[in-house]
Amino acid sequence: MNNVNIFRELEDLRYRKNISQRKIAILCNVKPQSAQEWFTKNFVDDKYLWIIANSEYGDDRFLLALLCYELRLPSQYLNTLRKTNEDNLSMLLGAQQEDTESDTAILDLIGQLILPKPDLKFVGPNALEMIDTGLKMILAGTGVLKSLNIPVITALLERSEEYARA
């Protein structure tokens with residue numbers, strides 16, 4: 001399995017967005033020497049990666065790479081971006097279509113998992129369909145939030161408050 005090299009993805013993000021080490025240090029609220037050390041050692045603490053991904057510098061490629069890195073998904077999932085359009089409405093419509101396909105995959109998967117000996121060749125593709133759908137929904141949702149300048153953490157807190165009231 002080809003795992004995501006998150007540091008290489010961070011370097012690619014810096015190149016794509018023309019982000020200096022100093023900007024990264026300011027964004028992460030660390031001294032410039034700390035950021036310089038990260039790039040010398042090719043290692044950045046995960047908490048800073050999430051800060052970068054959720055900042056104005058983050059993009060879909062880096063967010064998806066970070067998700068794959070955190071979830072230990074193969075780097076092939078980064079190809080998901082090639083299948084989507086940058087337009088948020090197109091991404092939402094695509095995620096909706098994927099959701100419909102994923103519902104079928106879920107039902108098929110349930111049908112297999114209730115069997116005494118599930119067919120693993122059948123289980124794998126259906127489980128992957130669900131993962132693919134989840135990643136597309138994450139990208140679509142974060143794209144909408146970014147386009148409206150709503151930080152992900154703000155949306156999460158509002159949702160938590162909504163659940164607390166219910």
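A residue counts as buried when its relative accessible area is under 20%, as exposed when that area is over 50%, and as partly exposed in between (1.4 Å probe, protein chains only). Leu115, with a relative accessible area of 39%, is therefore partly exposed. The structure you are looking at is a predicted model, in which local features need pLDDT of at least 70 and side-chain atom pairs count only at pLDDT 80 or more, while totals for chains, interfaces and linings use all residues. Residues are numbered from 1 along each chain as its sequence is written, and side-chain values use heavy atoms, with hydrogens and water left out.

**The overall fold**

- The chain has eight helices and zero strands; here helices (H or I, at least four residues) and strands (E, at least two) are DSSP runs, numbered from the N terminus.
- The C-alpha trace spans about 60 × 40 × 30 Å along its principal axes.
- Of the chain's 166 residues, 36% count as buried.
- Contact means heavy atoms within 4.5 Å; among contacts between residues at least 6 apart in sequence, 63% join residues at least 24 apart.

**The nonpolar core**

- A nonpolar core is a set of buried Ala, Val, Leu, Ile, Met, Phe, Trp, Tyr and Cys residues joined through side-chain atoms within 4.5 Å.
- The largest one has 31 residues, and Leu10, Ile24, Trp38 and Phe62 have the most contacts inside it.
- Helices α1, α2, α3, α4, α5 and α7 each give two or more residues to this core, and α5 gives the most, with seven residues.
- Ile24 touches Leu10, Arg14, Ile19, Trp38, Phe39 and Ile52, leaving aside its neighbours within four places in sequence.

**Aromatic pairs**

- Rings of Phe, Tyr and Trp (its six-membered ring) pair if their centres lie within 6.5 Å; planes under 30 degrees apart count as stacked, over 60 as edge-to-face and the rest as tilted.
- A search of the whole structure finds two such pairs.
- Phe7 and Phe39 have ring centres 5.4 Å apart and planes at 55 degrees, so this pair is tilted.
- This pair links distant parts of the chain, with Phe7 in α1 (residues 6–17) and Phe39 in α3 (residues 32–41), 32 residues apart; both Phe7 and Phe39 are buried.
- Trp38 and Tyr48 have ring centres 4.8 Å apart and planes at 35 degrees, so this pair is tilted.
- Trp38 sits in α3 and Tyr48 in α4 (residues 46–53), ten residues apart.
- Trp38 counts as buried because its relative accessibility is 11%, and Tyr48 is buried at 16%.
- Arg14 lies over the face of Phe39, 4.5 Å from the ring centre; for this, NZ of Lys or CZ of Arg must be within 6 Å of the ring centre and within 35 degrees of the ring normal.

**A closer look at α4**

- The buried residues of α4 are Tyr48, Leu49, Ile52 and Ala53.
- These residues cover an arc of only 140 degrees around the axis, so they are on the same side of α4; the arc is that of the directions from the helix axis to the C-beta atoms.
- The buried residues of α4 pack against α1, α2 (21–28), α3, α5 (60–71) and α7 (120–147).

- Leu115 is in the loop between α6 (88–113) and α7; Leu115 and Asn18 are 97 residues apart in sequence and 53 Å apart in space, C-alpha to C-alpha.
- Thr133, in helix α7, is buried with a relative accessible area of 3%.
- Leaving aside its neighbours within four places in sequence, Thr133 is in contact with Glu98, Asp99 and Ser102.
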